[in-house]
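I opened this entry to keep track of what I looked up, element by element. The notes follow the sequence and the model.

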Amino acid sequence: MKAKILSLLLPILFVFTIVSCSPNSSDEEKVYENQVMNYDYNANEIELTKLINEYRVSIGLNELTIINHISYKSEEHNEYMIANNVVDHAYFQERSDNIIHILGAIKVSENVAYNYNTPQAVLSAWLNSAGHKETIEGDFTHFGISVTVSPETGKKYYTNIFIKK
């Protein structure tokens with residue numbers, strides 16, 4: 001009796017396992033649906049993007065293509081730093097995982113800064129720091145940038161995320 005029930009249930013279990021593990025096209029659609037497509041760049045962000053690409057080209061590297069979704073994630077981090085009065089890489093893994101999942105990145109890195117008045121000043125500071133310079137000069141294809149001014153202090157927060165696709 002047990003053998004007969006098992007022989008009936010085994011094919012059903014097999015089909016259930018195959019169906020539950022198969023890729024679902026709605027998962028692919030969900031990735032696209034969660035991508036932030038629009039980002040309103042301010043003058044500082046545009047200038048810093050230009051300066052980083054000019055620097056990369058000047059040392060023989062490729063220009064990076066800006067992706068709005070990455071800039072949005074950068075802005076979220078700036079807002080976190082402002083709200084918590086910190087300058088750090090907190091929750092970087094979550095930002096990285098999101099960008100990997102949504103955009104298909106294979107490599108993600110990040111630079112942050114605080115209280116530089118101009119895009120040139122923050123780029124100079126990053127280039128004078130070995131770790132930040134390594135990121136700017138890294139093997140990346142795309143990036144995003146956010147320069148956010150604290151409404152309370154008027155100081156600027158910078159997050160620049162780099163990816164390779």
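How many bridges join β2 to β4, and do the two strands run parallel or antiparallel? I counted eight bridges, and the pair runs antiparallel. Before going further, I note that this is a predicted model.

**Entry: confidence**

I checked the pLDDT next. The mean over the protein is 86, and 80% of the residues reach 70 or more. Residues 8-32 have a pLDDT below 50, and beyond near neighbours in sequence this stretch has three contacts in the model. I draw nothing further from that stretch.

**Entry: overall make-up**

I listed the elements. The protein has seven helices and four strands. From the N terminus on, they run α-α-α-β-α-α-β-α-α-β-β. Of the 165 residues, 36% count as buried. The accessible surface is about 9,800 Å², and carbon and sulfur atoms hold 57% of it. I also looked at contacts with a separation of 6 or more: residues 24 or more positions apart account for 72% of them.

**Entry: the sheet**

I traced the strand order. The four strands form an open sheet in the order β1-β3-β4-β2, with mixed pairing. β1 and β2 are at the edges with a single partner strand each, so one side of each has no neighbour in the sheet. For reference, strands of a sheet pair through backbone hydrogen bonds, either parallel or antiparallel.

I then went through the pairs. Strand β1 covers residues 65-66 and is joined to β3 by two bridges, running parallel. Threonine 65 has histidine 142 as its bridge partner in β3. Isoleucine 66 stands opposite phenylalanine 143, also in β3.

Strand β4 (residues 156-164) is joined to β3 by eight bridges, and this pair runs antiparallel. Here serine 146 has threonine 159 of β4 as its bridge partner. Isoleucine 145 stands opposite asparagine 160 in β4.

Six residues lie between its strands, and glycine 154 takes a positive phi near 80°.

**Entry: cover on the strands**

How many residues of β3 are buried? I found seven of eight, and the strand (residues 142-149) is mostly covered. In β4, eight of the nine residues are buried, so the rest of the structure largely encloses this strand.

Helix α4 (residues 68-84) lies across β1, β2, β3 and β4. It runs at about 35° to β3.

**Entry: serine 109**

Is serine 109 buried or exposed? I read a relative accessible area of 19%. The cut-off for buried is under 20%, so serine 109 counts as buried.

I listed what it touches. Leaving out residues up to four places away in sequence, serine 109 touches Phe92, Thr135, Phe140, Asn160, Ile161 and Phe162. With threonine 135 I also found a polar contact, side chain to side chain, at 3.4 Å.

**Entry: the α4-α5 loop**

Most residues other than glycine have a negative phi. Which residues in the loop between α4 and α5 did I note? They are asparagine 85 and tyrosine 91.

Asparagine 85 has a phi near 50°, a positive value in a residue other than glycine. With a relative accessible area of 64%, asparagine 85 is exposed. The cut-off for exposed is over 50%.

Tyrosine 91 is not a glycine either, yet has a positive phi of about 65°.

**Entry: recap**

I end with the points to carry over. The sheet is open, in the order β1-β3-β4-β2. Eight bridges join β3 to β4, and eight join β2 to β4. Serine 109 is buried, whereas asparagine 85 is exposed.

Methods. Residues are numbered from 1 along each chain as its sequence is written. Side-chain values use heavy atoms; hydrogens and water are left out. Buried means under 20% relative accessible area, exposed over 50%, partly exposed in between (1.4 Å probe, protein chains only). A polar contact is a pair of N or O atoms within 3.5 Å; within protein, one must be able to donate a hydrogen and the other to accept it, and residues adjacent in sequence count only if both atoms are side-chain atoms. Contact means heavy atoms within 4.5 Å. Two strands pair if DSSP finds at least two bridges between them. Accessible areas come from the Shrake-Rupley method with a 1.4 Å probe; for residues, only the protein chains shown count as cover. pLDDT is the predictor's confidence in each residue, from 0 to 100. Axes are lines fitted to C-alpha atoms, for helices over the stretch in contact, and angles run from 0 to 180 degrees between N-to-C directions.
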